[in-house]
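Please walk through this structure with me, one part at a time. Keep the sequence and the 3D view at hand.

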Amino acid sequence: MEEFLLVILAAVLVFSVWGFLGVLQDVVMKDPLVRADQAVYHFLQSLRNPWGDSVFVAITELGDWLVSGSVAAAVFLVLLLNRCRRSAGYWAAVLAGGACAVRILKWALHLPRPTPVYHGISAFGFPSGHAAMGLILYGFLAIVIARSLRGMMRRWFFAAAFLISFALAFSRLYLGVHWLSDVLGGILFASAWTALAGIGYLKGRPEAVPARLLGLAVIGVVATVGLWHVADRHSHDLAFYAPRRLVKVIDSKAWLTWAWQQLPAWRIDLGGAREEPLTIQFAGRPESLARYLISKGWHHPPPLNMRILLAALSPDVEMRNLPSLPRLHDGRLETMLLLRDEGQKRLALRLWPTDMQLRGGRGPVWVGTVEIQSADRIAGLITLPRNTGDYARPLQILSKTLNGRFLVREVFRGDAGVPARTGRVLLIMEMKKSSASLHDGSISGGL
């Protein structure tokens, strides 16, 4: 059985080293994982609520150094008092080595967190210390105990170590203090380090480790020190980990002339991949834009219910009855979706929020896309709307529709990697009395 565990640890070591180097390359070279960082961060922040905050703050507090250090000290003392000197030495070396390596990596890479909540070396996010040390602590403890166990008990200890480590790692993502790459890097580094240490430990002389006593000691420390720490720090940490949103406030003229280029050119899905181009930027209230467009023949999509889903199974379903599935951009759900029927095709306009806002009460800036959709029969089973890839014509239609009611400026992206056919962007802003100075020859009501 021990030989099987060694094979598993060897496989974990190889996979984890390969995975860690891949994540490290992505964050250093700013590959798609970095775009996924932003998307996952915004998606999880959109799910924040008081109940979830309370639960995940408590979980992350159980991974603080006070609790982890107390668990480590209790295990070390139990091993020493039971004359398991080799196991105690391994235990101390694995934890100290892992902690030092995490801090060295943070210092060497200097990769910032999503929000600046810490100081010193801890201000850097990669790799996540909570994720790494939680897995090293409970993962290596499971290896030490597993040598004295057989059958299902061994599996239960490894399952418990995995669940605890996963909960600690996910709490850092939910609270927005680490990127996805930070947590993945921490988990993969810790897996490699723990597997390497476990192989060395298991190949040495076995000792009669008191598995039951070690388990009781860990439970006792978490139930005393851990719960006391949570009770003592919870109110303070709820405020410390409260959601933070950094809003960039700029002038209207700055946005219309150059700042629009700071917003993304493509919709980014949750995996960090580029999807359709973002051809619209709107400054103002989406409800005002929606009311005006609805008065011009646009409409909200049909609700996603069983009738609409069943209708999609028919090959003769009309375009206006096809379901419109929601889309994420940068982890954020669309704020507005409007449709306009045109025979066997339809226009679809979507808006997503950004972190940019205009001064003077002109509201936030939204990014969006308007596309032409046609019916697409998939595998002869279901009909769904398909983007035809035509972005020029819907932009022209939208611009003419908004003429006179909104300020509209057409701009072109000259960015590398943005084709000319998808580089057109409409800047749209609600007209107010103070807008007259902005309405010069470079701002038109149409194309």
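The paragraphs below take up a helix, a pocket and a proline.

This is a predicted model, where local features need pLDDT of at least 70, side-chain atom pairs count only at pLDDT 80 or more, and totals for chains, interfaces and linings use all residues. Residues are numbered from 1 along each chain as its sequence is written, and side-chain values use heavy atoms, without hydrogens and water.

Start with helix 3, residues 50-61. Helices (H or I, at least four residues) and strands (E, at least two) are DSSP runs, numbered from the N terminus. At 1.5 Å a residue, the 12 residues of helix 3 should span 16 Å. The end C-alpha atoms are 16 Å apart, which agrees. The expected span is 1.5 Å times one less than the number of residues. At the helix start, a side-chain oxygen of Asn49 comes within 3.1 Å of the backbone nitrogen of Trp51.

Which residues of helix 3 are buried? They are Gly52, Asp53, Phe56, Val57, Ala58, Thr60 and Glu61. Buried means under 20% relative accessible area (1.4 Å probe, protein chains only). These residues pack against helix 4, helix 6, helix 7 and helix 9.

Now turn to the lining of the largest pocket. Helix 2 gives the largest share, 8 residues. Helix 8, strand 2 and strand 8 are among the elements that each supply at least two residues.

Finish with Pro277, in strand 3 (residues 274-277). Pro277 is buried, with a relative accessible area of 3%. Pro264 is 13 residues away in sequence and 8.8 Å away in space, C-alpha to C-alpha.

Note on methods. Buried means under 20% relative accessible area, exposed over 50%, partly exposed in between (1.4 Å probe, protein chains only). Contact means heavy atoms within 4.5 Å. A polar contact is a pair of N or O atoms within 3.5 Å; within protein, one must be able to donate a hydrogen and the other to accept it, and residues adjacent in sequence count only if both atoms are side-chain atoms.
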